[in-house]
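Take a look at the model below.

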Amino acid sequence: MADDRPDADADENVLRAFKTAVFARSARKARIRDSELCEALREVMAGQADDLGGGVFKKRLNKNMHRSIILAKGGRHWVYGYLFAKKDRDNIDDDELRDFKLLAKGYASLSQEQIDKLVSDKDLLEICNDDKA
C-alpha cells in the first residue's frame with residue numbers, strides 16, 4: 001500500500017494544514033485549539049495515528065475524548081475534515097470512509113489558486129503554515 005505521508009525528500013519540518021468550516025465549529029465547541037491540531041498533525045506525520053488508507057487518517061484529540069478525520073492524500077495538503085466524540089460513536093462507517101478517500105483525492109488535486117480561493121471564501125481555515133500555528 002502506498003504511503004500517503006509526505007515524501008522522505010520533502011522538508012518534514014514545513015507543515016501546511018487546514019480545517020474545514022464545519023470542523024472548526026466542532027473543534028471550537030470541544031475547546032480544541034489550533035496549536036493542539038498542529039501538534040497532532042506532527043504526530044500523524046511521525047506515524048502516530050490510524051492510517052485508514054487512501055489519504056485518510058484518524059487521530060485522537062483532546063485527551064482521547066475526541067477523534068478527528070484528517071485528509072492528506074500525497075501529503076500536499078493536510079485537512080481536518082471531521083470531528084466526533086468517542087462517547088458518541090466508535091468509528092466512521094465504511095460508506096463514510098469511502099467518501100473521505102474521495103475527498104482526500106479531490107484535495108490532493110487542487111491547485112494553489114483553488115486552495116487560496118477556498119481559504120478566502122472561508123471554506124478552509126489555515127491552521128499551520130511553515131510551523132506557525
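The model is a predicted one. Helix H2 runs over residues 34-45 and has 12 residues. At 1.5 Å a residue it should span 16 Å, and its end C-alpha atoms are 17 Å apart, which agrees. Which residues of H2 are buried? They are Leu-37, Cys-38, Ala-40, Leu-41, Val-44 and Met-45. These residues cover an arc of only 160° around the axis, so they sit on the same side of H2. Just after H2, Gly-47 has a positive phi of about 90°.

**The disulfide.** The count is 1 disulfide. It joins Cys-38 to Cys-128. Cys-38 lies in helix H2 and Cys-128 in strand E6, so the pair ties together parts that are 90 residues apart in sequence. Both cysteines, Cys-38 and Cys-128, are buried. The torsion about their S-S bond is about -115°, so the disulfide is left-handed.

**A buried lysine.** Lys-59 lies in strand E3. Is Lys-59 buried or exposed? Its relative accessibility is 9%, and buried means under 20%, so Lys-59 counts as buried. The side chain of Lys-59 has a polar contact with the side chain of Glu-43. A polar atom of the Lys-59 side chain also lies 2.9 Å from the backbone oxygen of Gln-48. Beyond its neighbours within four places in sequence, Lys-59 is in contact with residues including Ala-40, Val-44, His-66 and Ile-70.

| Pair | Distance |
|---|---|
| Cys-38 and Cys-128, S to S | 1.8 Å |
| Lys-59 and Glu-43, side chains | 2.8 Å |
| Lys-59 side chain and Gln-48 backbone oxygen | 2.9 Å |

**The cores.** The largest nonpolar core has 20 residues. Leu-61, Trp-78 and Tyr-80 have the most contacts inside it. H1, H2, E3, E5 and E6 each supply at least two residues of this core. H2 gives the most, with 6 residues.

Key
Residues numbered from 1 in each chain as written. Predicted model: local features only at pLDDT ≥ 70, side-chain atom pairs only at ≥ 80, totals over all residues. Heavy atoms only, no water. Helix = DSSP H or I, 4+ residues; strand = E, 2+ residues; numbered from the N terminus. Expected span 1.5 Å × (residues − 1). Buried < 20%, exposed > 50% of the residue type's maximum accessible area, 1.4 Å probe, protein only. Arc of directions from axis to C-beta. Disulfide = S-S within 2.5 Å. Polar contact = N/O pair within 3.5 Å; in protein donor to acceptor, adjacent residues only side chain to side chain. Contact = heavy atoms within 4.5 Å. Core = buried A, V, L, I, M, F, W, Y, C linked by side-chain atoms within 4.5 Å.
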